[in-house]
Structure formats: structure tokens, C-alpha cells
Amino acid sequence: MTEITPQPVRIGVLSTAKIAREKVVPGLATTPWCVVHGISSRDTARARAVADDLGIPKAYGSTEEMLADPEIEAVYIPLPNDLHVDAALAAGRAGKHVLLEKPTGLDAMDAERLLEFPRDLVFMEGYMVRQHPQWRMVRDMVRAGRIGRPLGVQVWFSYMNDDPDNIRNRPETGGGAALDIGVYPLVVSRFVLDAEPIRLVAALDRDPIFATDRLTSVLADFGGGLHLTFTVSTQSVVHQRVTVCGTEGRIEVVVPFNAPLGGETILRFDPGTALGDASAETIVVPACNMYGLQGELFAMAIRGEAVLPYGVGDSITQMRLVDAIFESARRGGWVDL
Ligand SMILES: NC(=O)C1=CN([C@@H]2O[C@H](COP(=O)(O)OP(=O)(O)OC[C@H]3O[C@@H](n4cnc5c(N)ncnc54)[C@H](OP(=O)(O)O)[C@@H]3O)[C@@H](O)[C@H]2O)C=CC1
Ligand SMILES: O=C1CO[C@H](CO)[C@@H](O)[C@@H]1O
């Protein structure tokens, strides 16, 4: 049988962001479904230098220049969070499909503007964790009843970043723990539990200089005796771990969010018959590049070879949850969703 070679989707990368240079562009090179054809920057020389470095044919000195190029079919948007929605809408107006970095924008009102994104173009948000097989495995195990009746998800996710110039430490660029990483516990628990939170309560601590939330803890009630608890921090020892617990077992996701690219990852399944980790079984998840898998799904959807399970509606839901975190912290109580 002849194998059909896809016509690769020509993607333009909208900025020389660190995530683009270090992870997403190399990830996109792992799939035959797309090719990075151009990169733009506020600075033409920077775009050219990064293009040469990464083997990208075209470089542009502005977003507008790249969006005007008919050779670019789709764009990947790794801009500061406050620029996400405007850039996605501009790309849509130019007829380009969009892969938008998380979080969608600054808040739900910002995200709702994406309802104007053309329906005949593909829109995908870059929650790369949903493409990692380790999360598919966890969801399959939960669905198969391996942990009995699910009761809750517990998450810690933190890093140390005290650089005042970093977009994560600037309120005007959508900085802070909730927006940068609080979105991940929400997205993975909604993914593995196949359920939505009905209310939440949150506490947060703001950096006195940056004014961003640097330590944010949330209890989200999914109803029916199902809870998510998480803490995220931008100024803590680096750590990330997720435990999904049920009546008959628990699954620990050892590197849940920044899973190594091209390296194995580990899940631990523990039926809880002995204390500590004594009864835990180690499950090795084969190496993969989740940014490559994400780009492949995006490109396949553009070519009509895949249907995306999430669209703008899901992005708005995520941002409503983040809004509720801030509202709860402000009001000091439960917020119904
Ligand atoms: N999914 C994931 O794993 C990750 C996602 N992200 C997301 O990607 C996005 C970018 O993050 P990150 O790579 O850390 O950010 P960077 O600060 O490294 O990159 C942002 C880029 O945006 C461009 N830019 C345009 N206008 C501005 C402006 N006014 N201020 C600053 N930069 C501007 C700059 O590129 P230029 O100079 O070329 O114009 C800059 O390099 C964020 O939304 C973040 O949440 C980040 C890391 C991982
Ligand atoms: O989305 C992201 C992936 O994780 C990082 C933390 O380790 C974040 O800072 C980044 O924005």
C-alpha cells in the first residue's frame, strides 16, 4: 500500500519567545504534518538571527508582515499573555489558523473576544499536557476503574523566578502563578475526571513589589464528592507532582507538566495495600515530544484529518475558572461556577 505523504502545513511563529526557540520549533520538526516556514519579531535582525539558527526560511520584522504573507497558512502565538487575543484575532482576519499559547488571555472577558475567531479556521490552545500519553494513560486508568471511585486530585506546581523583567512577574503582561501555571491543574483535572468544577475557594499571596500572585492555593469542588486541591507558586523550590486518588488506588504523575522531551516519564500506581510507596507499581511511559504531538494534531486538523476535541469554548471555561480564583481571594469565600 502506498503511504500518503501529507502536504505539510506552513507555520509562522509569532515572536522569538524562549518557549518557541527552545521547545516548540524543535517539537514541530518532529512531525511531517507541518513545517516552520517563518518567524517574526519586533526586531528584524533578531528574527533573522533566530531563523538562521533554527533553519527557518523566512524572517519578518513585524506581526503584520508575517500575517500578510500568503505562504504562511497558520501561526503559533507565543506572546506575552496580554497580547494573545489581539494577535489571534488579527491572524484570523488574515485567514491564518491559530495555535495560541496558554493562558488564553488575561481573563474570561478577554477570552470571550475569541468568539469572533472565524469558524472556518482551526483554533487550538497550547495545553501541550493534553497531548502527552502519560495523561491519556491516567485518564484511561481512571475510566477503567483502576482507582475505584475517584475522590480527588492533589497538585503542587512551582518554580523560582524573581526576575522583575520576566513576563511572569509583570501584572500588565498577565503575570502571576494562577495565570502562568494555575491553569495546568485545572486543565489536567478536568481532563482526567471528565468533569467540571461547580465552585471553588482560593487563597493567594501577592509579591509586595511585583504585585503578582506568587503563591496561590485552590480547593475546587466538582460535586459528587470529587475535589481538586492545588498550590502553584512562582517563588518556591522547583517542584511538580500530581496525585489522583480514589477509593481503591492512587496514581502519581511524577513529572506532570514539564515532562522531559524525548525522555521516558513515570507514573506510579498504588493500590494502597502497604504504607508509603511499598505497594506502588512503576509504569514507564515511553519517550515523546508533547509539543510535536500538539503541532501534529493542529496540522492534521487544518488538513481535515483530525477533529480537535477543544475549541474556543474550552479556553473561555479555563479563563472563567481563573477569574473565580481571583474573585474568591478578593471576597474570601466560595465562588459558584
Ligand atoms: N506551553 C508551554 O510549555 C509554555 C508556554 N509558555 C507561554 O508562552 C508565552 C511566552 O512565554 P515565554 O517564552 O516565557 O516569554 P518570552 O518573554 O521569552 O517571550 C515573549 C516574546 O514576545 C515578544 N513580544 C512582543 N511584544 C512584547 C512585549 N511588549 N513585551 C515582551 N515581549 C514581547 C518578544 O519577542 P520579540 O522580541 O521577538 O518580538 C518576546 O520574546 C506565554 O504566554 C507563556 O504562558 C511559556 C513557556 C512554556
Ligand atoms: O506554561 C509553562 C510551562 O511551565 C512553566 C513552569 O515550569 C511555565 O512557566 C510556562 O509558562
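Trainee: What does R320 form with E112, and how far apart are the closest N and O atoms?

Mentor: R320 and E112 form a salt bridge, with 2.9 Å between the closest N and O atoms. Keep in mind that this is a predicted model.

Trainee: How many salt bridges are there between domain 1 and domain 2?

Mentor: Two salt bridges are counted between domain 1 and domain 2. There are also six residue pairs in polar contact between these domains, with both residues at pLDDT 80 or more.

Trainee: Which elements give two or more residues to the side of domain 1 that touches domain 2?

Mentor: Those elements are α5 and α8, the latter covering residues 290-302. The most comes from α5, which gives three residues to that side.

Trainee: And how do the residues on that side divide into nonpolar, polar and charged?

Mentor: On the side of domain 1 that touches domain 2, nine residues are nonpolar, four are polar and five are charged.

Trainee: Back up a bit. Where are the domain bounds?

Mentor: Domain 1 takes in 9-127 + 294-312, and domain 2 takes in 130-288 + 319-336. Their centres, taken over C-alpha atoms, are 26 Å apart.

Trainee: How many residues are in contact across the two domains?

Mentor: Domain 1 has 18 residues in contact with 17 residues of domain 2.

Trainee: What area is buried between them?

Mentor: About 1600 Å² is buried between domain 1 and domain 2, and carbon and sulfur atoms give 58% of that. On the domain 1 side, K102, Y127 and Y310 lose the most area to domain 2, and together they make up 38% of what that side buries.

Trainee: K102 again, then. What kind of peptide bond joins K102 and P103?

Mentor: The bond between K102 and P103 is cis, with omega about -15°. P103 sits in the loop between β5 and α5.

Trainee: Why point that out?

Mentor: Because most peptide bonds are trans.

Trainee: Where do S15 and D194 lie?

Mentor: S15 is in the loop between β1 and α1. D194 is in the loop between α7 (177-193) and β8 (199-206).

Trainee: Is S15 buried or exposed? And how does D194 count?

Mentor: S15 has a relative accessible area of 12%, so it counts as buried. D194 is partly exposed, at 49% relative accessibility.

Trainee: What about T16, buried or exposed?

Mentor: T16 is buried because its relative accessible area is 12%, and the cut-off for buried is under 20%. T16 lies in the loop between β1 (9-14) and α1 (18-28).

Trainee: What is T16 in contact with, leaving aside neighbours within four places in sequence?

Mentor: Apart from those neighbours, T16 is in contact with R21, I39, S40, S41, R46, A47 and V50.

Trainee: New topic, helix α4. How many of its residues are buried?

Mentor: Seven of the 10 residues in α4 (residues 84-93) are buried, so the helix is mostly covered. The buried residues include H84, V85 and L89.

Trainee: What do the buried residues of α4 pack against?

Mentor: They pack against α3 (63-67), β4 (74-77), β5 (97-100) and α5 (108-112).

Trainee: And which residue follows the helix?

Mentor: α4 is followed by G95, which has a positive phi near 80°.

How values were computed:
Residues are numbered from 1 along each chain as its sequence is written. Chains are lettered from A and ligands numbered from 1 in the order in which they are written. This is a predicted model: local features need pLDDT of at least 70, side-chain atom pairs count only at pLDDT 80 or more; totals for chains, interfaces and linings use all residues. Side-chain values use heavy atoms; hydrogens and water are left out. Buried means under 20% relative accessible area, exposed over 50%, partly exposed in between (1.4 Å probe, protein chains only). Helices (H or I, at least four residues) and strands (E, at least two) are DSSP runs, numbered from the N terminus. Contact means heavy atoms within 4.5 Å. Domain bounds come from an automatic or database domain assignment. Buried area is the accessible area (1.4 Å probe) that two parts lose on being put together, summed over both. A salt bridge is a side-chain nitrogen of Lys or Arg within 4 Å of a carboxyl oxygen of Asp or Glu. A polar contact is a pair of N or O atoms within 3.5 Å; within protein, one must be able to donate a hydrogen and the other to accept it, and residues adjacent in sequence count only if both atoms are side-chain atoms. Ala, Val, Leu, Ile, Met, Phe, Trp, Tyr, Cys and Pro count as nonpolar, Asp, Glu, Lys and Arg as charged, and the others, Gly among them, as polar.
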